[in-house]
Amino acid sequence: QVQLVESGGGLVQAGGSLRLSCALSARTFATYTMGWFRQAPGKEREFVAAINYRTDYADSVKGRFTISRDNNKKAVYLQMNSLEPEDTAVYSCAARLGGNPSSEPANYNYWGQGTQVTVSS
């Protein structure tokens, strides 16, 4: 059974940084495309970033967020810099077996429970 567990959320002031981590319990982590999504209260889930051997980012986070992965540790990370109050949301990681980085939540098979990120002004 594939499971994802996120960590690293919290409260930070605008302009600050946070690093999210997501651990995937799968024997063949390297074959999974990993993504980060976020959902703010009253809003739809939106794509943040994704990675397999290449990366893709939402326009709203380009230049501020960096997605990376460590196949040996079976983990994916989201380094978030220059955080803004508009980045406040529950951040979830997702996994899909194979395929390219995708911004569509429906393309991902597995999801973590999410971690809250709150950016104060």
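Buried means under 20% relative accessible area, exposed means over 50%, and partly exposed lies in between (1.4 Å probe, protein chains only). The views below come from a predicted model, in which local features need pLDDT of at least 70, side-chain atom pairs count only at pLDDT 80 or more, and totals for chains, interfaces and linings use all residues. Residues are numbered from 1 along each chain as its sequence is written, and side-chain values use heavy atoms, with hydrogens and water left out.

**View 1. Glu46 and Arg38 meet in a salt bridge.** A salt bridge here is a side-chain nitrogen of Lys or Arg within 4 Å of a carboxyl oxygen of Asp or Glu. Side chains of opposite charge can pair when their charged atoms come close. In this view the closest N and O atoms of Glu46 and Arg38 are 2.6 Å apart. Glu46 is partly exposed, at 35% relative accessible area, whereas Arg38 is buried, at 6%. The structure holds four salt bridges.

**View 2. Asp87 and Arg64 bring two loops together.** Look for their closest N and O atoms, which are 2.7 Å apart in this salt bridge. Asp87 belongs to the loop between β8 (75-80) and β9 (89-97), while Arg64 belongs to the loop between β6 (55-57) and β7 (65-70), so the pair links distant parts of the chain, 23 residues apart. Strands such as these are DSSP runs (E, at least two residues), numbered from the N terminus. Both Asp87 and Arg64 are buried. Now step back to include View 1: Arg38, Glu46, Arg64 and Asp87 are linked in a network of salt bridges.

**View 3. Lys62 and Asp59 form a salt bridge between exposed residues.** The N to O distance is 3.2 Å. Is this pair buried or exposed? Both residues are exposed.

**View 4. Tyr108 and Trp111 make an aromatic pair.** Rings of Phe, Tyr and Trp (its six-membered ring) pair if their centres lie within 6.5 Å; planes under 30 degrees apart count as stacked, over 60 as edge-to-face and the rest as tilted. The two rings here are edge-to-face, 6.2 Å centre to centre with 65° between the planes. Tyr108 is buried at 4% relative accessibility, and Trp111 is partly exposed at 26%. Ring pairs join Phe37, Phe47, Tyr108 and Trp111 into a cluster.

**View 5. Two arginines sit over aromatic rings.** A charge sits over a ring if NZ of Lys or CZ of Arg is within 6 Å of the ring centre and within 35 degrees of the ring normal. Arg45 lies over the face of Trp111, 4.0 Å from the ring centre. Over the ring of Tyr108 you will find the charged end of Arg96, 6.0 Å from its centre.

Methods: Helices (H or I, at least four residues) and strands (E, at least two) are DSSP runs, numbered from the N terminus.
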